[in-house]
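Let's walk through this one together, taking the helices and then the sheet. Have the viewer open as you read.

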Amino acid sequence: MNHNMVTAEQIREWLAEVTDPEIPVLTLEDLGVLRNIQEVNGTWVITITPTYSGCPAMKTMEEDISVTLKKHGLDNFKIETILKPSWTTDWMSEAGKKKLFEYGIAPPVKPTANKKVLMGISETIICPRCKSSNTRMLSQFGSTACKALYVCDDCKEPFDYFKCL
Amino acid sequence: MNIQEALLEYCLRLGDNSLIIGHRMSEWCGHGPILEQDIALINIALDHIGQARNWLTLAGEIEGKGRTEDDFAYKRDAHQFRNLLITEQPNGNWGDTLMRGFLFDTFNFYLHQILQHSKHEGIAAIAEKSLKEINYHVKYSSEWVIRLGDGTEVSHQKMQDALDNLWMFTGEMFEADEVDQLLLEESIGADLQQIKEAWNDHVREVIDEATLKIPESNWFQKGGKQGRHTEYLGYILAEMQFLPRAYPDAVW
């Protein structure tokens, strides 16, 4: 492929194939992990940011980006990780939040983590299965670092809540 | 000591705190009292290990000798570790672990709150990122201290015992040495006195609500930040470092 033809928009389009390995309905862009695509001296620099410091999915996402770009014939690229500005659930797109809900994971409800988190009160989370607001938290820490475990007192189903960060 | 040397020490202290308490908490994997709490502790352990990776990578960049996060984690002996003594204390019972977590998390929270404004960009970035996770740690451990302290007669007594046993390891957190002073003057490091006041307020508030009593003793253990550790660290390293020492070139 003639690399002069490649644009950042094109790369962004290709990367729309790459999803979170734990939450396959979310693309890296929906998640807000994909920060920037920029050409620097003939090399495409793809900048990503981790959701949680210890997120084990980050390595997989990097590899998936690499595989996807190579599949489209791009080889002059590198992937860089930045920490600042740090990822929060604000970086997740509205489309992403909608997809999460439809997938059965309650999306983050507030713009950012409660600043009074030291002794905070938990928010009302809508059950993604029956839409009831009669839910309660079972555990602040769920199946992955980014989720809390809730249960619905109407349909009695447990569900994941993508917690605010 | 120049600034670069102090920075390296500082990052090792932050990284080692996270690495060692993260390792300790990971020992609970499969042993939690119920599944949700087992998962909770392991989630927190994972946050700590992730933060340790960031700090130790930064330490390697500052040192500039090509050492990686793995070199720091696996190829140092106990006297080269810079973690606070409280982080290496044994898990004990559930209450011991949560009390240790509470005393450390509260310190860690205020430390990172200041460090996110550090003049050093690398430190500020990692601190800002980590703080969002530590928010959840301190909330979790505070809630457990209250629930168990103000719980049954047995849980109350166990929490009081845990507090009495761990108290002597809290003074070290606020003891500034040459590294702390140098970096404070440069607006890179945190003012430990400022943290001590905030720590005292939160700890006393929670301990009061938990109907527990702060020990009266003012005698504190110290030395972790300078590499003088309790006997427990060696056992942690023996387990943590076995594989990379037995099979030095092993890769995933």
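**A helix pair in chain B**

α2(B) and α6(B) are roughly antiparallel to each other, because an angle over 145 degrees counts that way. The axes of α2 (residues 35-63) and α6 (residues 121-149) of chain B cross at roughly 165° and come within 11 Å. Axes here are lines fitted to C-alpha atoms, for helices over the stretch in contact, with angles from 0 to 180 degrees between N-to-C directions. Helices (H or I, at least four residues) and strands (E, at least two) are DSSP runs, numbered from the N terminus.

This is a predicted model: local features need pLDDT of at least 70, side-chain atom pairs count only at pLDDT 80 or more, and totals for chains, interfaces and linings use all residues. Residues are numbered from 1 along each chain as its sequence is written, while chains are lettered from A and ligands numbered from 1 in the order in which they are written.

Where do α2(B) and α6(B) meet? On the α2(B) side, look for Ile44(B), Trp55(B) and Leu58(B), among others; the α6(B) side includes Ile126(B), His137(B) and Tyr140(B). Contact means C-beta atoms, placed from the backbone, within 7 Å.

Strands pair if DSSP finds at least two bridges between them; β2 (residues 43-48) of chain A and β3(A) have five, in the parallel sense.

Methods:
Parallel < 35°, antiparallel > 145°, perpendicular 65-115°, else oblique. Contact = placed C-beta atoms within 7 Å.
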